[in-house]
Amino acid sequence: MTDGISWATAWRIARRDLNARFKGLRLLLVCLFLGTGALAAIGTLTGAIESELAGRGQELLGGDLEIEVWQRDLTASERAALTEIGTISGGTRMQAMASSGANAAPVELKAVDTKWPLYGKLTLTDGRSVGAPKAGEAWLAQGAMDRLDIQQGDVFTIAGQRLRAAGIIANEPDRLSEGFQLGPTVIVGEALPGNAGLLAPGAMYQSKYRIAFKGNRQPDAVQAALEKRFPDAGFDYRTRDRASPGADRFVGRMGEFLTLVGLAALVIAGIGIGGGVSSYLEARRNSIATLKVLGASSRDIVRIYALQIGATALIGSILGLLAGVLVTPLLALALKDLLPVETGFVIEPGALAIAAAYGLLVALTFAVTPLLRARRFPAMALMRARIAPLSRDWLALVWVVGGMAAIAALALVTARQPLLSAGFLAGAVVTLGLLALLGWAIRRTAARLPRPANPLLRAALANLHRPGAATGALVTALGFGLSAFVLLAAIQSSIDGNIQRRVPQTAPDYFVLDIPRDRAVEFEQLVLKDQPKASLRTVPALRGAILAYGPKGAMIRVAELAEIPEGAWALRGERGLTYSDELPAGNSLTSGEWWGPFYQGEPQVSVDQDFAEAIGLKLGDYLTIGLLGVERTARITSFRRIDWDSMGFNYVLVFSPNAIRDAPHNLAATIDLPDGVATGPLLRQLVTAFPSSSVIEIGQVLQEARTILKQVGSATFAAASVAVLAGLAVLIGAIAAARAVRTYDTVILRVLGASRKQVLLMQLAEYGLLAAVLAFVALALGSALAWLVVTRLFKFDWLPNWAEVFAVLGMGLAFVLIFALAGSLPLLRAKPARALREL
């Protein structure tokens, strides 16, 4: 048999020996099923969403290019420039109040022209595909119908204009690109806002123009040409390739996180695979020895058992891919209100191929060591392995390193953020190394410790360092498994903490926009007459774009920046502006001086400290803004720290009154009512007295924000649970693998007179010692990984609930002890005579 058996013969032997229920290889099957299934579902879902965003970019945006500008319409020259590019469709967006009888509701008013939509179709619940509504009519979202308590055909009012609810919106093609809304959508003709006085100078509204290109134009090139032609127009641009930047960022970040979770699950599963294969081959020790006695070569042994393990890995991967495809519709159904994704079955061949490649590579990498270890030893060495353990096969190290390199290459080639994936993989390798080093240290320390007087503790301590001890494998498996528990608890509790912190439990009852300045006293009197104990704050509300900043004579033009500096988000488009004689509430001065009341000198501005640091501003520098098409420059005289967590008016830029007070503008206000006061009566009075103002109920907005963040938290919890399930599988597998090795020890102890209780207590003491040490390791490792995910990937604050983290870690430790106890029970049923004959 010098040439060895053929692959066909090897497969015939392997197939006969392979149990139909995969007895002995179930851990390998389960680990690959979980890891591959997670990656398949993640890749399929994110691929489907990205395909929708890319393939439906024109429809989601409503054009090839969108231009937005605040508080004004396009000039004749700007409109002419857009007309040269293609067909344009324009309109306005604003907050407004709709009312019907005693009911009133804030709505997102969307005024469109007769060319809207340029791409896609607006469909109503009765099946009609329509465009802009006729004069005197409106299309309403179901939420607006419910808030106003009206039916289709009923009449309602917006800013004194009577409108008929002519249809209920079923699908709004460009809804995703409109962004977060403070109320349900109401679509009207383009003339209504002007007729209702909602476009008066100083009113808060947004003009939006979409362009359908003539010919084969590239959106980025067109945008660059417009930016060069109108550098200070204050335009915000959006292209069909980035129809919804918020959705792109969300999908990208969640996709990266979920992919890392899948990789983590596979790495953890790989440890389980290594332990499971070792246990399986240990159980087949006599079969391997018999084959060698009958003339099988080392190559034959590798072929037979590699085929068994490969077949199991292939089946586990296929089942995982199938599960990933089947679970995707459920995930899509949960996200359908947030992202454009089909709720049916989606097949993404690339994502499935990558998931399968990961699964098979991990199986090969972690299974090759135990597989190669047995191939070079004669039959007698195999038969004596339990009392004379096999030495290491260093050839396996080459395969392991090669497999790790292949996994790393695949991760880096397919990653959206290669540096993030590289960091994760490096961390995984370092963690494996540290756990291996810890296992070695525990064995060395246990060997040097004084022998306890208690015989059970003495035996438990000896089990940690005796020849053939599985301490190293147990430390790696338990370390990763317990770390997964800490990781999940820390991430979930941090997200919950951010929900509590970023979405305040207490906030003003109302935000009111577009209060005419000449009616400010009347507004205050109306509120305080109805609610004398109400807390009322009004501020001037304007919008403008930062055009230039820096030292006088050497200012940097924002339009000339190659890219926006990190943290300088206020340079993108127009932002809220205000002026004040006094330092705003919730702000604290960090440097410089405030100008004080009745200031009439050089125009001054106070800047948020974080923003100033992001763009390198210094006291005495100048800042130029574009306000309603007019440039205004002010000197920076102070920096402020802003409490962004407060639900009040927070502005990056606050000007001295003489800098911008002469520009047309209205006021905004917050109203905080006493506890227990009904909000409905005051709302109806405000809608009647100030029909052109928008009253926003904060409670509803906060609820929507909490819902969105909780959906993110739920998605994170579900994804991280995969890693925990893999960790549980590894814990069970490690204990099961150790159980097979301990059969010999248990039988000898029973023969020497040990009782069942003593054997159980010895097992619990050994695992208890390991778990106590590894609890600290898992706490440090899991917390560090969770910190990276929360702060670097999600950009949230690090706010874990340590009570929850410790509770979950304690639960994990309890699982370890319970599994150890359950794994030891079958050993007690072993018959000493039979077990000794089989050794």
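This is a predicted model: local features need pLDDT of at least 70, side-chain atom pairs count only at pLDDT 80 or more; totals for chains, interfaces and linings use all residues.
## Nonpolar cores

The largest nonpolar core contains 77 residues. Those with the most contacts inside this core are Ile273, Leu281, Tyr305, Val475, Ile491, Leu770 and Leu809. Helix H16, residues 471–502, supplies the largest share of the core, twelve residues. A second, separate core has 27 residues, among them Ala568, Ala570, Leu577 and Tyr579. In soluble globular proteins, nonpolar side chains tend to be buried together.

Once neighbours within four places in sequence are set aside, Leu281 is in contact with Ile288, Tyr305, Pro370 and Leu371.

## Helix H11

Helix H11 covers residues 349–373. At 1.5 Å a residue, its 25 residues should span 36 Å, and the end C-alpha atoms are 36 Å apart, so the two values agree. H11 also bends by about 40° at Ala367, and the proline Pro370 follows within four residues.

## Strand S12

Strand S12, residues 510–515, has five of its six residues buried, so the rest of the structure largely encloses this strand.

S12 runs antiparallel to strand S22 (residues 694–697), joined by four bridges, and Phe511 stands opposite Ile696 in S22. Four bridges also join S12 to strand S21 (residues 666–672), again antiparallel. There, Val512 has Ala669 of S21 as its bridge partner.

## Ser656

Ser656 lies in the loop between strand S20 (653–655) and helix H19 (657–660). Its relative accessible area is 0%, so Ser656 is buried. Not counting residues up to four places away in sequence, Ser656 touches Tyr579, Trp595, Tyr599, Pro603 and Gln604. Of these, Tyr579 belongs to the second core.

Technical notes:
Residues are numbered from 1 along each chain as its sequence is written. Side-chain values use heavy atoms; hydrogens and water are left out. A nonpolar core is a set of buried Ala, Val, Leu, Ile, Met, Phe, Trp, Tyr and Cys residues joined through side-chain atoms within 4.5 Å. Buried means under 20% relative accessible area, exposed over 50%, partly exposed in between (1.4 Å probe, protein chains only). Helices (H or I, at least four residues) and strands (E, at least two) are DSSP runs, numbered from the N terminus. Contact means heavy atoms within 4.5 Å. The expected span of a helix is 1.5 Å times one less than its number of residues. The bend at a residue is the angle between axes fitted to the seven residues ending there and the seven starting there. Two strands pair if DSSP finds at least two bridges between them.
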